Amino acid sequence: MLVLSILIVLVFIISVNTGYIKLTPIELLKTMFGSGTAKQELILFDFRLPRIVISVLIGAGLAVSGAVMQGVFRNSLADPGILGINAGAGLMVMLLISFYPTTAAAPVFLLPLVAFFGAAVTAILIYSLAYKRHEGVSPIRLLLTGVAIAAGMSAAMIVLTLKLDPDKYKFVATWLAGSIWGTSWKFVLSLLPWILILLPYVIFKARVMNVLNLGEQTATGLGAAVNREQFKLLAAAVGLAAASVAVSGGIGFVGLVGPHLARRLVGPKHQLMLPTAALLGSLLVLVADTLGRWILQPSEVPTGIVVAVIGAPYFLYLLARTKS
């Protein structure tokens with residue numbers, strides 16, 4: 001975790017100086033301490049720093065959300081993007097924004113709440129369709145149901161774009177590609193409470209997740225209120241994913257790759273795995289966003305596409321190893 005934290009700081013320094021307009025290390029230090037020019041302060045404090053902070057927050061939120069879903073469902077392929085949770089949240093965000101003349105006019109602090117509602121409804125729908133009496137929820141059934149729901153939600157978003165003006169159509173296309181579109185301090189403040197409340201709560205429940213991983217019968221025998229704890233943890237996971245999606249768009253695979261790499265580094269014990277997954281998710285999104293801004297300067301490759309290039313092969317590898 002210490003090494004990951006150092007890597008995040010290093011990528012943070014690189015990311016601050018990544019863009020069409022360069023800031024030398026001396027200029028960066030001067031600007032950080034209030035001695036830079038007005039232009040340098042605008043670039044650093046109004047454009048780059050909010051985006052970097054959001055990248056770190058959504059990376060942690062999506063990775064921990066995926067870790068919780070994998071633990072609760074005991075499904076190594078569970079991820080809020082793959083299961084359609086992100087798509088449900090995005091659809092509700094798009095519906096909200098469509099009521100306003102411009103995307104900038106939408107109430108920023110309402111976006112996470114609306115996204116949470118869409119994500120929660122989608123999660124209930126997926127679980128209901130994937131559940132079979134006396135069998136429960138098998139990993140493959142849950143995965144296929146989630147993929148189908150996600151495809152349906154994405155199709156609904158595309159159909160709705162037919163009635164949107166060019167500005168809103170551009171927003172929807174940006175969201176679907178997984179570009180971090182909320183890049184101001186207002187979006188940071190709208191996301192921060194969700195991360196600061198739900199992330200510590202999930203880590204606090206790490207011992208409960210360790211017990212749940214033993215199976216429902218064993219967990220019940222050890223005194224755990226299985227259904228109630230699963231509901232609380234899933235609600236927290238959906239909240240983390242929805243709040244992240246509300247400002248980042250449809251970035252997938254972070255919740256899949258982060259927890260898996262964390263388990264390989266520190267083992268399955270959730271007290272260590274969850275913080276490590278959060279750090280890995282933050283590092284992954286921050287690296288992807290930095291590369292996306294650097295590869296085709298002055299144009300930009302959406303962060304979601306860069307993450308998908310990394311995550312899609314890993315997902316196929318995991319899918320090939322899954323036996324049920």
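Predicted model: local features only at pLDDT ≥ 70, side-chain atom pairs only at ≥ 80, totals over all residues.
**Close-up views of salt bridges and a helix crossing**

At 11% relative accessibility, Lys 205 counts as buried, where buried means under 20% relative accessible area, exposed over 50% and partly exposed in between (1.4 Å probe, protein chains only). Residues are numbered from 1 along each chain as its sequence is written, and side-chain values use heavy atoms, with hydrogens and water left out.

**View A. Lys 205 and Glu 229 meet in a salt bridge.** The N-to-O distance here is 3.1 Å; a salt bridge is a side-chain nitrogen of Lys or Arg within 4 Å of a carboxyl oxygen of Asp or Glu. The pair links distant parts of the chain, 24 residues apart: Lys 205 sits in the loop between helix H8 (185–204) and helix H9 (206–212), and Glu 229 in helix H11 (residues 226–248). Helices (H or I, at least four residues) and strands (E, at least two) are DSSP runs, numbered from the N terminus. Glu 229 is buried too, at 9% relative accessibility.

**View B. Arg 51 reaches Asp 289 through a salt bridge.** Their closest N and O atoms are 2.8 Å apart. Here again distant parts of the chain are linked, with Arg 51 in helix H3 (residues 38–73) and Asp 289 in helix H13 (residues 270–295), 238 residues apart. Arg 51 is buried, with a relative accessible area of 10%, and Asp 289 is buried at 1%.

**View C. Asp 289 also forms a salt bridge with Arg 293.** The closest N and O atoms of this pair lie 3.3 Å apart. Both residues belong to helix H13, four residues apart, which is about one turn of the helix. Stepping back, you can find Arg 51, Asp 289, Arg 293 and Glu 300 linked in a network of salt bridges. In total, the structure holds four salt bridges.

**View D. Helix H3 crosses helix H12 (residues 254–266) at roughly 75 degrees.** Their axes come within 7 Å; axes are lines fitted to C-alpha atoms, for helices over the stretch in contact, and angles run from 0 to 180 degrees between N-to-C directions.
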